[in-house]
Amino acid sequence: MSSTLKSLRALSDQTRLRIVALLEKDELSVAELQEITRLGQSRISTHLGLLSDCELVTSRRDGKRTFYKLNEDADETAREFIQLAIRGAHELSEHAHDLINLKRVVARRKEQAQVYFNQIAGRFDRVYGPGRSWQAFGHLLLRILPPLVVADLGAGEGLLSELLARRAKKVIAVDNSEKIVAFGAAKAKKNGLKNLEFRLGDLQTPPIEANSVDLVVLSQALHHAAVPADALAAAYRILKPHGQILILDLLKHSFEKSRELYGDRWPGFAESDLQRWLETAGFKKIEISVVAREEQPPHFQTLLAGAEK
């Protein structure tokens, strides 16, 4: 088979068009392409093999990983095919999401400190050490927290709010249940937390003045929002300039019983959706990563997203 026919055959698949368009932006590993495209490792490897075989793509080793990029030494015909492939990829419905995921993946690759932390965290509870616990670590990290005004949106009974109130200047806990707000307020009073205030309200319209808080926290709350994008826009509104938002929520999953068991409106979120909603709201310096994976079915994964106003 001629090189021209091999190239035409290699570029006849939409997934390979997506890969070529991504490799135009940056060199990527198989694992990174998996994360961006949401395809399995074997499929990605097969596609890369076909693209490499017709010399449209080259690779290099970096430790245990192999990175792929477009062939910079491709002949004129191959370069024409590559440009056609990129143009074709732009017409695919997946292209916009691919670019959002690519931006997030490349940014996270550069944050080696975050990668190292995730590796340490993954090993933390596998080896016993006397007195070593997440509870102790949590209190240690709270000591680092400056005296901020914090909004805990979708606070529930206020466990996180109580912890934050022990170091923050003020914590405003918002929930849409009158009973839970009354319970949380009574508990805060009992524990002498005068800087913890419970307010009845919705995630999309929290009863907090604009430009009044330093930090907004949404801990496993966003998947209860009727319109998550509106909740993030509301968070942006109440933050002071350069204030920050932190989101802990589930990565998108297929456990449909979560709606019945936990009252979830949304089955978690794709990183690309969070990235897009945060950007639309006006946030900058967005970072999103998976920080926890449950070993037991249904194997929920937890996302941590942070951004600055």
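Which residue lies over the face of tyrosine 236? Lysine 309 does, at 4.8 Å from the ring centre. A charge sits over a ring if NZ of Lys or CZ of Arg is within 6 Å of the ring centre and within 35 degrees of the ring normal.

This is a predicted model: local features need pLDDT of at least 70, side-chain atom pairs count only at pLDDT 80 or more, and totals for chains, interfaces and linings use all residues. Residues are numbered from 1 along each chain as its sequence is written, and side-chain values use heavy atoms, without hydrogens and water.

Now the aromatic rings. A search of the whole structure finds four aromatic pairs. Rings of Phe, Tyr and Trp (its six-membered ring) pair if their centres lie within 6.5 Å; planes under 30 degrees apart are stacked, over 60 edge-to-face, and the rest tilted. Two of the pairs are listed here.

| Pair | Type | Centre to centre | Angle between planes |
|---|---|---|---|
| Trp266 and Phe269 | tilted | 6.4 Å | 35° |
| Phe269 and Trp277 | edge-to-face | 5.6 Å | 80° |

Ring pairs link Trp266, Phe269 and Trp277 into a cluster. Buried means under 20% relative accessible area, exposed over 50%, partly exposed in between (1.4 Å probe, protein chains only). Phenylalanine 269 is buried, at 2%. Tryptophan 277 is buried too, at 14%. Tryptophan 266 is partly exposed, at 33%.

Next, a helix. Helices (H or I, at least four residues) are DSSP runs, numbered from the N terminus. H3 spans residues 30-37, and six of its eight residues are buried. They are Val30, Glu32, Leu33, Glu35, Ile36 and Thr37. Arginine 38 follows H3, and its phi is positive, near 65°.

Note on methods
Helix = DSSP H or I, 4+ residues; strand = E, 2+ residues; numbered from the N terminus.
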